[in-house]
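Trainee: Please take me through this model, one question at a time.

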Amino acid sequence: MAHIDLGQDEQVYLGIHGLIRYRPETGRPLLALNEALLRGPHPLTPGERELIAAYVSGRNECRFCQGAHSAFAAVQLDEGMALVDQVHADLDSAPISAKLRALLHIAGAVQHSGRSVTPELVEAARAEGATDVEIHDTVLIAAAYCMFNRYVDGLGTLAPDDQEWYLGPAGRVATHGYLPVLDR
Amino acid sequence: MHGKPLRCHSGLTRFNPQPRSGTGFEIQESDPIAYIDLGVDETELPGIRGPLRFRPETGQPLLELVEVLLRGPHSLTPGERELIAAYVSGRNECTYCCSAHSAYAAAQLDEGMALVDQVRADLDNAPISAKLRALLRIAGAVQVSGREVTPELVVTARAEGATDLEIHDTVLIAAAFCMFNRYVDGLGTQPAADPGWYARASERIVNTGYRQVV
């Protein structure tokens, strides 16, 4: 049970879904932010950006967000959940590009604190070809998931135990994006 | 007991903006300071203002979120909600956000900056309502982790009269400032060089809100 009465069936509207519907005034800009960050036109693919969201959510131990964005990344990456699991388990040896690894190192620093991002981390990403927009969006995706993770867990929402559950929303998000989430 | 007022300074300055004379490397005011080229004069647009301009596609929903959270119709006043933002930003040691939202809170609370300083220095003894104190304790838990918010913290706030919406918005304000603080510091932006900048910014925020920032 969530810490507040969300006025809906929490077994149906799990995790952030109940919160977005409880307060659409804040839900709408949150969905718009997510859509721009994870699905808008960008040099990083949606799968790569979902991987950043999943990685940060894992480090914050937010079960709902980690399960959801791991599934969203897996359905949009050729290597699927095997790669997502490798990135969660051991970023340094996961078979990803040097640029994406450097960006994930920046995301990991942001998860700890904005002040943990060093000029060296940024230079390392730039040396692997990361652009200003890629660095900016990596920092903001990581920061945004430090918000979403706290929002979801801070209000005590429920997360499904069955990892298969997340494949339903994953298919809908990959096809239709985040904006229709409020209308479901 | 009076707590010692806290400054918003983290004590960590990555870059000393004082021009060094005679080295041949004098720093111009318009030189980039942040980790990426924001394409703005960072002395005119400190903190989050540069990143918001750099990427309006994300800046717009961020400003919409903060407008609803801190200034939309609500049983907590804008001053009380800005106080939550300032408190969390202070705990995250984000100099720009702490300075800005402390100023915005002070401008909208009868007791002004003295109260903001007291809350940041010693929440337990600050002269605020028991309800606001209980909500700030929830915000402090969120700053550490969402999983730090216990049923006991929520029950305490409710016993002091906090509603579901007040608890919801306290959690989301605290969570949102865990984002804004990381965004501002993670890109290496600098706080305002002139402390008077925050008071001037607070006039605009109080009068016209956040949507006009970009």
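Trainee: How many residue pairs are in polar contact across the interface of chain A and chain B?
Mentor: This is a predicted model, so local features need pLDDT of at least 70 and side-chain atom pairs pLDDT 80 or more, while totals for chains, interfaces and linings use all residues. Residues are numbered from 1 along each chain as its sequence is written, chains are lettered from A and ligands numbered from 1 in the order written, and side-chain values use heavy atoms without hydrogens or water. A polar contact is a pair of N or O atoms within 3.5 Å; within protein, one must be able to donate a hydrogen and the other to accept it, and residues adjacent in sequence count only if both atoms are side-chain atoms. With both residues at pLDDT 80 or more, the number of pairs is 20.

Trainee: Which element gives the largest share of the side of chain A that touches chain B?
Mentor: Helices are DSSP runs (H or I, at least four residues; strands are E, at least two), numbered from the N terminus. Those giving two or more residues to this side are α1 (16–22), α2 (24–39), α6 (98–112), α7 (119–127) and α8 (132–154) of chain A. The largest share, 15 residues, comes from α8(A).

Trainee: Which three residues supply more than any other three of the area that chain A buries against chain B?
Mentor: Buried area is the accessible area (1.4 Å probe) lost when two parts are put together, summed over both. Between chain A and chain B this is about 3700 Å², with 67% from carbon and sulfur atoms. A 20% share of what chain A buries comes from A:Arg115, A:His136 and A:Arg150.

Trainee: Which residue forms a salt bridge with A:Arg115?
Mentor: A salt bridge needs a side-chain nitrogen of Lys or Arg within 4 Å of a carboxyl oxygen of Asp or Glu. At 3.6 Å, N to O, the partner of A:Arg115 is B:Glu93.

Trainee: What separates A:Glu35 and A:Arg39 along their helix?
Mentor: These two residues form a salt bridge, their closest N and O atoms 3.5 Å apart. Because they are four residues apart in helix α2 of chain A, the separation is about one helical turn.

Trainee: How do the 44 residues from chain A in the contact compare in number with those from chain B?
Mentor: Contact means heavy atoms within 4.5 Å. Beside the 44 residues from chain A, the number from chain B is 47.
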